[in-house]
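Welcome! Here is a short briefing to read alongside the structure, taken one topic at a time.

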Amino acid sequence: MKLLTHNILTSHVKGVTKGYPLLIKATEVRVNEVEFNPQFVSRMIPKLEWSALVQAAEGDLPSSLIQDYENNEEFLRKVHRVLLEVEVIEGCLQCPESGREFPISRGVPNMLLNEDDS
Amino acid sequence: MGEEYDCIRYYCTAGSGMEPFLVEEVKSKLSATDVDHISGRVFFSTCAPLEHVTKLKSAERLFLLIRRDPPISLPKFAARTISKIQRSIIGDLNSWIHTLSIWSRLVEELKPVSGRGQKRKREEEDETRVNDKSLRNEETLLGQTSPTFRVNCRCSGAVMCSFTSQDFSRIIGTAIRRQLGWKVDLREPDLEVNVSINDDHCILGIPLLKCSLASRSYIKHSGLRSTVAWTMASLCSIQEGCVILDPMCGVGTVLLEAAQECSSTLFIGMDCSAAQLLKAAENVETAGLGGRVELLQSSAMEIPLPSNSVDGVICDVPFGRKFSCGTNVTVALPKLIREMERVLSVNGSLVLLLSLQLSALLKKLLSPDRCLLATDPLTNKNTSNIDSSDTHTNTCRPDTDTHSNKHSSEGDIQLSPCTLQLQSIYRVSLGNTDGLIHKYLKTMYGHTATKAHTHKDIDIQK
């Protein structure tokens, strides 16, 4: 699971009003090399919850978005690395409100709810 | 012989219902001219390089056109028939010679570089053979090679009373051999001559590739036919910087086809089956799309994304009675639509592929005006007084619903759909069955659909 995906994922456990952001508990993380596409990164930034991304990135990113980021290649590359190159292979995501855990295995998070949660 | 390309006339076969999409594609990608289509075929001329032509996404097989003639009419006297057929099919020899020279050139382009040396050697051998033969027709000695060939003939209509397709193949093969000097090789010919004869036309062509353009080199595990998947993606109007969701992605065919067309877009695929997702992951890797396609295990009826978060939803809804996780599709359809509508942002597109049965069910569910439900001919009831929730209940009441029927169906009607405005429906062939592609636009909540866009008014486009 990439941090770009994590930034969008929301817990939909029944009764939960704010199931975002999910807490990441990673047991295995991998950093891949992914081709840098500055347009892609620039376009994704406005769609992100920046504070959730900063939290997930654990210090690699500034706490607020810099001005004129579209033209700042160095910044875009940092964001690219955090969004697309860091991958949680094993671990789980925890709903901040209900505590329910969603496992991540082989890089794919399992968001399926059981009968009792939904 | 520089970089300029002459305008070449091609035709492609297309699955039933795909023809209008292919017409659009050749015009926009190849700047094609003289575009014409009949059922199952699109004819076009283009100067675009062959490499671009072979990248068409909604086409099946690609052919060079030799000629397209009006239908053959058989003469009264049987004795003359065969020679008449041969004369009309061969017709002007120049059309064959011209197409052969184009074919020779294009085949060179299709070969990998290492293969070219071999071809040249073969050409020299062939020329020696040609010179040795005693030929009736001098035109074959225009310094051209004499390829080996085989005829592939499909016939239907009035001519079938007298001849079978095999008869035609033989008759035509003989004519080609005699009049053009080409040699027959039924097992591994250089080229194939494709003949299509019916009551409307006689089409002659040479296929450029053995396999269909629909079999993609970048897809390892195939699911939905790639041409249909691509068409669904093209209907979704994907822009740069979008987030597109396929909530029942299976092995990811729709995502892969969509990702081919747009490089600055994020594609999210969900499926409840871990096995399917494994294959999808392999497909994503084979296609080199790891940076732009993300996969999740999730139910499409409970999408773990916030409302109004994606710009487009594309979904091939299962055709069988049940989803892979066990839920009955007719029960699940309203939940599915409700979730897809929820996560879609305003002005986003929803494109669905549905079986005939589900398409009919969905039309009932999303009828924009309550009165339309009430005048449903199946119920045969008075219009103004009808409690439309009753009708709704009849069509999609779940068997194991724990809520009271009225409550659940009213809940469904309120959520549904004034926000999903039907744009169009297209019927396409999926091989042994047909499917219907529905396209919806998400409008502002509470907006009533304009009169033009009721399900009754939209013509099903073929």
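How many salt bridges does the rule find across the interface of chain B and chain A? There are 2 salt bridges across it. Keep in mind that this is a predicted model.

**Where the chains meet**
- On the chain B side, 26 residues are in contact with 24 residues of chain A.
- Together the two chains bury about 2000 Å², with 65% of it on carbon and sulfur atoms.
- In chain B, the residues that lose the most area to chain A are E294(B), Q297(B) and P304(B), together 26% of what that side buries.

**Polar and charged links**
- One salt bridge joins D311(B) to K47(A), and its closest N and O atoms are 3.0 Å apart.
- Between chain B and chain A, 11 residue pairs are in polar contact.
- Strand 10 (266-271), helix 9 (274-286) and strand 11 (293-297) of chain B each supply at least two residues to the side that touches chain A.
- Strand 11 of chain B gives the most to that side, with 4 residues.
- Sorted by class, that side of chain B has 12 nonpolar, 9 polar and 5 charged residues.

**The sheet in chain B**
- In chain B, 8 strands form an open sheet with mixed pairing, in the order 2-3-1-4-8-7-5-6.
- Its edge strands are strand 2 (33-38) and strand 6 (183-184) of chain B, each pairing on one side only.
- Strand 7 (191-197) and strand 8 (202-207) of chain B pair in the antiparallel sense over 4 bridges, and N194(B) has G205(B) in strand 8 as its bridge partner.

**Helices across the strands**
- Helix 1 (19-30) of chain B lies across strands 1, 2 and 3 of chain B, at about 10 degrees to strand 3.
- Helix 4 (93-110) of chain B lies across strands 1, 4, 7 and 8 of chain B, at about 175 degrees to strand 4.

Technical notes:
Residues numbered from 1 in each chain as written. Chains lettered and ligands numbered in written order. Predicted model: local features only at pLDDT ≥ 70, side-chain atom pairs only at ≥ 80, totals over all residues. Heavy atoms only, no water. Contact = heavy atoms within 4.5 Å. Buried area = accessible area lost by both parts, 1.4 Å probe. Salt bridge = Lys/Arg side-chain N within 4 Å of Asp/Glu carboxyl O. Polar contact = N/O pair within 3.5 Å; in protein donor to acceptor, adjacent residues only side chain to side chain. Nonpolar A, V, L, I, M, F, W, Y, C, P; charged D, E, K, R; others polar. Pairing = 2+ DSSP bridges. Axes fitted to C-alpha atoms, helices over the stretch in contact; angles between N-to-C directions.
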